[in-house]
Amino acid sequence: MYEKEEVPSLSTFVSGLGLDKAAPSSEYSSNIIVKSLPILGRLHFVKDRNGILCLSFTFLYWVYGTWCGLVVVLLPHMRDKQASEPFVALYVLCSVMCICALFRAATLNPGRVPLISEKDNIDTSDWEMCDKCQRKRPKRAHHCRRCQQCVVRMDHHCPWINNCVGEENHYAFMQLLFWAFCLSWMAFWSLMLHYWYYPACTTCDKESFEFKHEAWFTYILTALAIFMGIMMGGQLIGQHFSLLLDRTTLENMKDPHPDISTIRIRSEWSAYREMCGSGSMLFWLFPCRSRKVLRPSYFYSSPV
């Protein structure tokens, strides 16, 4: 005789469809820390061990590049009246802007999709339900498994800043790429002057630690400067063309050969103005500015 076939229960069927997942009850993911601090404002931080390690490495690279470029290379030559003060000041400016942009990109909310209620009066008829976090999200939003939240117009999750790159912090990420590119090539040209143009330092302390190991310090910085300069330049070019085509990195990965008729090519002005927000173009590269959107954020029920 045939064995009796087991009929799945209703609870098993519901569980398989993911319908038994509880609706989110908190505005923030359990993997996100949000703190409001004086002057700095509201900071957004992701609790991801690998991301924190990558972010720490990025910070250490900045520390090494700034210390070696100034203490080992430029300041001794400036004391010998070889390196000009404006050139050294430009190096310091690129370094300060770089670390400010890193801080902003790592701690800004990338565009978290909040909980929406009926009293918010937001039309969500064309939104879709995320099967991972069980909240409604607008088109082009994506769920990040690292942050454990949906991000509006998510470009990608960057481990080097331990944060997603999305609608609300894309401009800060572009600032980081730009200033890291400038700092890398400033370090490279400083080293070329140090190797081939500036004479040997005469006022340096010959017994100091940095002078004894100067060769190794400068060799390492040269390799890092070339590598980071090429990487940041490539990222800038890629992000630039993605902005003009109004496509994200995730969209390019999912559909690397889209239909030409669906591509919308924008002008540089409109693309960067939409990303950076309103305000003077002169401040687009200033990391400490706040982004003012050109149109109301239809997906937010409260300021972020």
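Let's start with methionine 275: leaving aside its neighbours within four places in sequence, this residue is in contact (heavy atoms within 4.5 Å) with His170, Tyr171, Met174, Leu243 and Arg291. A quick word on the model before we go on. It is a predicted one, where local features need pLDDT of at least 70 and side-chain atom pairs count only at pLDDT 80 or more, while totals for chains, interfaces and linings use all residues. Residues are numbered from 1 along each chain as its sequence is written, and side-chain values use heavy atoms, with hydrogens and water left out.

Now, the core. By a nonpolar core I mean a set of buried Ala, Val, Leu, Ile, Met, Phe, Trp, Tyr and Cys residues joined through side-chain atoms within 4.5 Å, and buried means under 20% relative accessible area with a 1.4 Å probe, protein chains only. The largest such core has 51 residues, and Met275 is among those with the most contacts inside it, along with Tyr91, Cys98, Ile161, Met174, Leu176. Helices H2 (49-79), H3 (85-107), H4 (170-196), H6 (214-245) and H8 (268-276) are the elements giving two or more residues to it; helices here are DSSP runs of H or I, at least four residues, and strands are E runs of at least two, numbered from the N terminus. H4 gives the largest share, 14 residues. There is also a second, separate core of eight residues, including Val46 and Leu250.

Have a look at glycine 233 in helix H6 too. Its relative accessible area is 13%, so it counts as buried.

Zooming out, the protein has eight helices and eight strands, and buried residues make up 43% of its 304 residues. Thanks, everyone!

Terms used: Buried < 20%, exposed > 50% of the residue type's maximum accessible area, 1.4 Å probe, protein only.
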